[in-house]
Amino acid sequence: MGNVGLGKAHCARCERETPVMRPWRGWRWALRGWVGVLVLLGILSPVLSADYCVMIPSAMLVMSAGGPLLRLAREVPTCRRCGAPIAE
């Protein structure tokens, strides 16, 4: 999920030039946006404490999105044939 196949690179396992599955570049920008939202939530914490019914559950949903987003942002390019990670 989130992979875009662009270009070719040398795969050490296949020992030839193969198509590469590269992660979508937007995940890194999405991660930066997520960190920005967390900083904003920290600044707005007095408002969060005033509205327990809506703001705190919303903040928890934003914070729980970090795990999958970090995984997607840290994906490395892989070989389409064997799935080995390719260092670029």
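Predicted model: local features only at pLDDT ≥ 70, side-chain atom pairs only at ≥ 80, totals over all residues.

Reply: Residues are numbered from 1 along each chain as its sequence is written, and side-chain values use heavy atoms, with hydrogens and water left out.

Me: Why is Thr18 called buried?

Reply: Buried means under 20% relative accessible area, exposed over 50%, and partly exposed in between (1.4 Å probe, protein chains only). Thr18 has a relative accessible area of 0%, and is therefore buried. Thr18 is found in strand 2 (residues 16–23); strands (E, at least two residues) and helices (H or I, at least four) are DSSP runs numbered from the N terminus.

Me: What makes a residue a contact of Thr18?

Reply: Contact means heavy atoms within 4.5 Å. Not counting residues up to four places away in sequence, Thr18 touches Gly7, Lys8, Ala9, Cys11, Cys79, Arg81 and Ile86.

Me: Why is Glu15 called exposed?

Reply: The relative accessible area of Glu15 is 66%, so Glu15 is exposed. Glu15 is placed in the loop between strand 1 (3–11) and strand 2. Its phi is near 60°, a positive value in a residue other than glycine. Most residues other than glycine have a negative phi.

Me: What is the span of helix 1 set against?

Reply: The expected span of a helix is 1.5 Å times one less than its number of residues. Helix 1 (residues 26–43) has 18 residues and reaches 26 Å from its first C-alpha to its last, close to the 26 Å expected.

Me: Which residues of helix 1 are buried, and how do you know on which side they lie?

Reply: The buried residues are Gly26, Trp27, Leu31, Trp34 and Leu41. They cover an arc of only 140° around the axis, and therefore lie on the same side of helix 1; the arc is that of the directions from the helix axis to the C-beta atoms. The face turned away from this buried side carries the exposed residues Arg28, Trp29, Arg32 and Ile43.

Me: Why is the pairing of Arg71 with Glu75 called a salt bridge?

Reply: A salt bridge is a side-chain nitrogen of Lys or Arg within 4 Å of a carboxyl oxygen of Asp or Glu. The closest N and O atoms of Arg71 and Glu75 are 3.6 Å apart, and the pair forms a salt bridge. The structure holds one salt bridge.
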